[in-house]
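Open your viewer and keep the selection tool ready. We will go stop by stop.

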Amino acid sequence: MGSDLISMDSDQPKILVVDDHPSSRMTAVALLSVEGYEVLEAESGPIALKRVVECSPDLILLDVMMPGMDGYEVCRRLKEDEQTRLIPVVFITALNDKRSRIMGIEAGGDDFLSKPFDRLELAARVKSLVRQKRLNEDLDHAEQVLFSMARAVESRDPNTGDHCERLVAMGKAFGEYIQLPRTDIRNLMWGGYLHDIGKVGIPDAVLLKKGSFTPEEREIMNNHVLIGEKICKPLRSMRGVLPIIRYHHERWDGTGYPDGLAEEEIPYLAQVFQVIDIYDALTSERPYKRAFTVAEALDIMVQETQRGWRNPELSQQFTEFIKTVYLAHSA
């Protein structure tokens with residue numbers, strides 16, 4: 001069985017066993033070594049955190065009760081760190097210790113095993129979690145490629161400055177203000193980076209043109225939302241961001257693009273993102289315009305809402321957010 005495990009990937013999976021009892025570590029090391037894993041050991045929480053940084057294990061078997069820093073604290077620190085959050089943590093608990101398992105879930109643990117170890121259960125759970133971890137890493141790398149592409153697109157136009165970073169920050173703040181669910185806030189923030197990723201497919205002659213677009217050039221430029229959706233669609237993790245990418249240029253009265261959606265036909269997150277995007281564009285300097293003041297920008301947005309372009313209720317919420325929260329926080 002060990003040789004089958006090793007052949008599933010060219011890199012021999014590494015397992016870190018964290019336990020202050022040498023006998024328990026020795027048992028786990030013996031069982032996992034037979035299965036073909038490279039097994040590392042740590043006898044305390046601080047040493048475990050150091051080993052994780054040094055060796056990048058594929059999975060951690062973590063004892064709950066240890067002197068000094070217990071297993072829950074070790075797990076919390078690992079899950080809060082962007083570099084280690086994807087490493088599965090399996091808590092080692094006493095049989096039927098319900099309270100320990102609840103605390104382990106709250107700390108971010110991925111699974112539980114009871115002492116004494118059952119060899120078949122240990123092998124099955126570890127193999128499954130290692131495979132899942134590597135799949136998650138592949139997905140994480142794909143997401144990073146998309147974000148890198150988005151930054152490359154932004155760098156093609158030196159006039160936008162830190163537009164995306166500002167959208168991410170404001171998306172988080174406004175999303176919390178209107179009490180969006182955590183997942184929606186994350187999608188709003190990712191939309192800040194990815195909303196214009198489709199501009200990678202727009203020629204410089206159109207993207208960087210300083211004058212007005214011809215009808216043909218406008219059609220080419222408008223296609224960036226469809227190109228962006230196509231780029232991000234293969235990743236399931238981007239499912240909640242796709243409506244922002246495709247629909248953030250729709251208008252409340254149905255005169256926007258690409259589909260001419262009206263009112264509540266427009267996905268709500270796309271509506272939320274749109275007001276943030278427009279505000280940032282108005283308050284930023286561009287080759288064709290000066291940066292408007294906050295008051296001027298909000299006045300323009302009110303006029304556009306009265307013209308029928310924006311959701312009136314959402315526009316009112318955004319105006320209140322800028323006046324009562326965002327400006328006070330930025331001061």
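Where is the place of Gln179? Gln179 lies in the loop between helix 7 (163-177) and helix 8 (182-194). The model you are looking at is predicted. Now check the backbone there. Phi of Gln179 is near 60°, a positive value, though the residue is not a glycine. Most residues other than glycine have a negative phi. Show the surface next. Gln179 has a relative accessible area of 71%, so this residue is exposed, the cut-off being over 50%.

**Another positive phi**

Select Glu263. Glu263 sits in the loop between helix 12 and helix 13. Glu263 is not a glycine, yet its phi is positive, about 50°. Is the residue buried or exposed, or in between? Glu263 is partly exposed, because its relative accessible area is 44% and that class runs between 20% and 50%.

**Two cis peptide bonds**

Select Tyr257 and Pro258. The peptide bond from Tyr257 to Pro258 is cis, with omega near 15°. Pro258 belongs to the loop between helix 12 (242-247) and helix 13 (268-282).

Now jump to Lys115 and Pro116. Here too the bond is cis: omega from Lys115 to Pro116 is near -5°. Pro116 is in the loop between strand 5 (111-114) and helix 6 (119-156). Most peptide bonds are trans.

**A buried aspartate**

Asp63 is found in strand 3, residues 59-63. Its relative accessibility is 6%, so Asp63 counts as buried, the cut-off being under 20%. Which residues is Asp63 in contact with, leaving aside neighbours within four places in sequence? Select Val18, Asp19, Asp20, Gly71, Ile92 and Lys115.

**A buried glutamate**

Move to Glu35. This residue lies in the loop between helix 2 (22-34) and strand 2 (38-42). Glu35 counts as buried because its relative accessibility is 3%. Draw a distance line from Glu35 to Leu122, C-alpha to C-alpha. How far apart are Glu35 and Leu122 in sequence and in space? They are 87 residues apart in sequence and 10.0 Å apart in space.

**Zoom out**

Show the whole chain as a cartoon. Count the elements: there are 15 helices and five strands. The radius of gyration is 25 Å, well over the 20 Å that the globule rule gives for 331 residues, so the chain is more spread out than a compact globule. Turn the model around. The C-alpha atoms fill a box of roughly 75 × 40 × 35 Å along the principal axes.

Switch to a surface view. The accessible surface comes to about 17100 Å², and 53% of that area belongs to carbon and sulfur atoms. Buried residues make up 47% of the 331 residues. Now colour by charge. The chain has 40 positive and 53 negative charges, and their mean positions are 1 Å apart.

**Last stop: confidence**

Colour by pLDDT. The chain averages 86, and 90% of the residues score at least 70. Then select residues 1-10. Over this stretch pLDDT stays under 50. The model has 16 contacts beyond four places in sequence for residues 1-10. Where pLDDT is low, the predicted coordinates should not be read in detail.

Definitions and conventions. Residues numbered from 1 in each chain as written. Predicted model: local features only at pLDDT ≥ 70, side-chain atom pairs only at ≥ 80, totals over all residues. Heavy atoms only, no water. Helix = DSSP H or I, 4+ residues; strand = E, 2+ residues; numbered from the N terminus. Rg over C-alpha atoms; globule rule 2.2 N^0.38 Å. Buried < 20%, exposed > 50% of the residue type's maximum accessible area, 1.4 Å probe, protein only. Areas by Shrake-Rupley, 256 points an atom, 1.4 Å probe, with all protein chains shown as cover. Lys, Arg positive; Asp, Glu negative; His and termini not counted. Charge placed at Lys NZ, Arg CZ, Asp CG, Glu CD. pLDDT = per-residue confidence, 0-100. Contact = heavy atoms within 4.5 Å.
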